2 protein chains.
Amino acid sequence: MRRKLTPRGRERRDQLMECGARLFAERGYHPTSVADVVAALGVGKGVFYWYFASKEELLTELLKASNHDLRKRQQQAIGEEADPVRRIELGIRASLGWFAEHREYFAIIQFAATDETFAPVLARNREIAIADTIRHLKDGIVDGRIADRDPALLAHAIHGVVAELTRHSLVEGNLPLDEVADLCVAFCLEGLAG
Amino acid sequence: MRRKLTPRGRERRDQLMECGARLFAERGYHPTSVADVVAALGVGKGVFYWYFASKEELLTELLKASNHDLRKRQQQAIGEEADPVRRIELGIRASLGWFAEHREYFAIIQFAATDETFAPVLARNREIAIADTIRHLKDGIVDGRIADRDPALLAHAIHGVVAELTRHSLVEGNLPLDEVADLCVAFCLEGLAG
DNA sequence: GAGAATGTTGACCGTGCGGTCAAGTCCGGC
DNA sequence: GCCGGACTTGACCGCACGGTCAACATTCTC
């Protein structure tokens, strides 16, 4: 890994990250070797270690970059919306939409959660997302729009629904995204209540 | 791996599984070597391959055994309860309770979900659990107690809440189990509705 | 166009892993 | 008391992996 990157260098780095993301998603992190990554790009092994200090660093960078991108999308989606309940809904929809367009990352993030080397990065990402949700929930509780229950647990519950429905629709589903998103929002807002 | 196991043999097998479960949970599957497992037990490497055809098989057996145990507990908890909504509630509470008592398995299952070798076993386990939930949901929908929405998606939503709150309460939480279970049930039944 | 900085190569190294096996020990049944 | 099958040992094998590096190529800078 070196400091100064020319445009050419930045492109190579992006190629390596894209390639790594794809392979990690397809075969998993441990089963994918650095040799696989560089072979897929048709370059020598040294190239990898010019841009990354280690295989570990590549995954860490992928996690950071993807989280940054997802958050950007959520913030754009929520925009200036004032209604806290609607803010939660827009956040949920943005999340489902982003993963639908970046399927590779779901598997990568799920693996990273199980490895103590990467769990900290992920835990931090999640903490931030949960904190956002908690803020909206508290606003909604003050407004009397949301039941007065532990906002932290509610936030985790919402994230759990989103995570599992994301997984289901990516891995097993052939359902239209909107349908899943609608149910996801309806379930979070109303539960099973008929 | 051999056919006939004497009582002594069965005990060794159980020791290996217990030991493997602990180490896989603590350090992860790939980073834990067969040498680590047998060393923790103070026996030679050959012992492992007498009882298991491969490291892979050990994990597979762990997944099967744990799922069997969890399901048994759920069935006992639900018993003869007739009310479908209450059946769902009892199932949720049984699940949270089981994981609280078998923390090791949460990490193991989460990893297995990310590895294409083990994903099929897990997918099958999940399918069965989801099918159970769907049955209760359909009963509830007929009764008019549950909203008439896609039962499959609802089932996944419930499982998502349970999974994430389980994770939260095991990994981050110092909250009493009952409190988490209460909120989990309340959220699933009523959503965020205030 | 010299020289520095950036980028690239691929053979090579050490290590640790999953798995094997020939040899031996333990123990129940006869 | 010995036979055979259940069980154990640990040195060993082959290999693939993460990472290094000296040499070379390209591109920037003045």
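Trainee: In this predicted model, how many residues apart are A:Glu89 and A:Arg93 in helix 5 of chain A?

Mentor: The model is predicted, and in it A:Glu89 and A:Arg93 form a salt bridge whose closest N and O atoms are 3.0 Å apart. Both residues lie in helix 5 (residues 84–101) of chain A, with a spacing of about one turn of the helix. That spacing is four residues.

Trainee: Which residues are linked in a network of salt bridges with A:Glu89 and A:Arg93?

Mentor: The pair of A:Glu89 and A:Arg93 is itself a salt bridge. The network that includes this pair also takes in A:Arg86 and A:Asp182.

Trainee: Which helices hold A:Arg13 and A:Glu61?

Mentor: A:Arg13 and A:Glu61 form a salt bridge, with 3.1 Å between the closest N and O atoms. The two residues are 48 apart in sequence, so the pair ties together separate parts of chain A. A:Arg13 is buried, at 17% relative accessible area. The helices are helix 1 for A:Arg13 and helix 4 (residues 55–78) for A:Glu61.

Trainee: How many residues apart are A:Asp132 and A:Arg71?

Mentor: Their side chains meet in a salt bridge, at 2.7 Å from N to O. The pair links distant parts of the chain, with A:Asp132 in helix 7 and A:Arg71 in helix 4 of chain A. A:Asp132 counts as buried at 19% relative accessibility, while A:Arg71 is partly exposed at 22%. The separation is 61 residues.

Trainee: Leaving aside neighbours within four places in sequence, which residues are in contact with A:Asn125?

Mentor: A:Asn125 lies in helix 7 of chain A. At 13% relative accessibility, A:Asn125 counts as buried. With the sequence neighbours within four places left aside, its contacts are A:Leu63 and A:Asn67.

Trainee: What percentage of the contacts in chain A with a separation of 6 or more come from residues 24 or more positions apart?

Mentor: Chain A has nine helices and zero strands. Its C-alpha atoms fill a box of roughly 60 × 35 × 30 Å along the principal axes, and buried residues make up 48% of its 194 residues. For contacts with a separation of 6 or more, the share from residues 24 or more positions apart is 64%.

Trainee: What area do chain A and chain B bury between them?

Mentor: On the contact side, 41 residues of chain A meet 41 residues of chain B. Carbon and sulfur atoms account for 65% of the buried area. The area buried between the two chains is about 3,700 Å².

Trainee: Which residues of chain A lose the most area to chain B?

Mentor: Three residues together make up 20% of what the chain A side buries. They are A:Arg149, A:Leu153 and A:Leu192.

Trainee: How many salt bridges are there between chain A and chain B?

Mentor: A search over all chains of the whole structure finds 26 salt bridges. Between the chains, B:Arg149 forms a salt bridge with A:Glu190, with the closest N and O atoms 3.4 Å apart. The count between chain A and chain B is two.

Trainee: Which element gives the most to the side of chain A that touches chain B?

Mentor: There are 14 residue pairs in polar contact between chain A and chain B, both residues at pLDDT 80 or more. Elements giving two or more residues to this side of chain A include helix 1 (7–27), helix 6 (103–112) and helix 7 (119–142). The top contribution is twelve residues, and it comes from helix 8 of chain A.

Terms used. Residues are numbered from 1 along each chain as its sequence is written. Chains are lettered from A and ligands numbered from 1 in the order in which they are written. This is a predicted model: local features need pLDDT of at least 70, side-chain atom pairs count only at pLDDT 80 or more; totals for chains, interfaces and linings use all residues. Side-chain values use heavy atoms; hydrogens and water are left out. Contact means heavy atoms within 4.5 Å. Buried area is the accessible area (1.4 Å probe) that two parts lose on being put together, summed over both. A salt bridge is a side-chain nitrogen of Lys or Arg within 4 Å of a carboxyl oxygen of Asp or Glu. A polar contact is a pair of N or O atoms within 3.5 Å; within protein, one must be able to donate a hydrogen and the other to accept it, and residues adjacent in sequence count only if both atoms are side-chain atoms. Buried means under 20% relative accessible area, exposed over 50%, partly exposed in between (1.4 Å probe, protein chains only).
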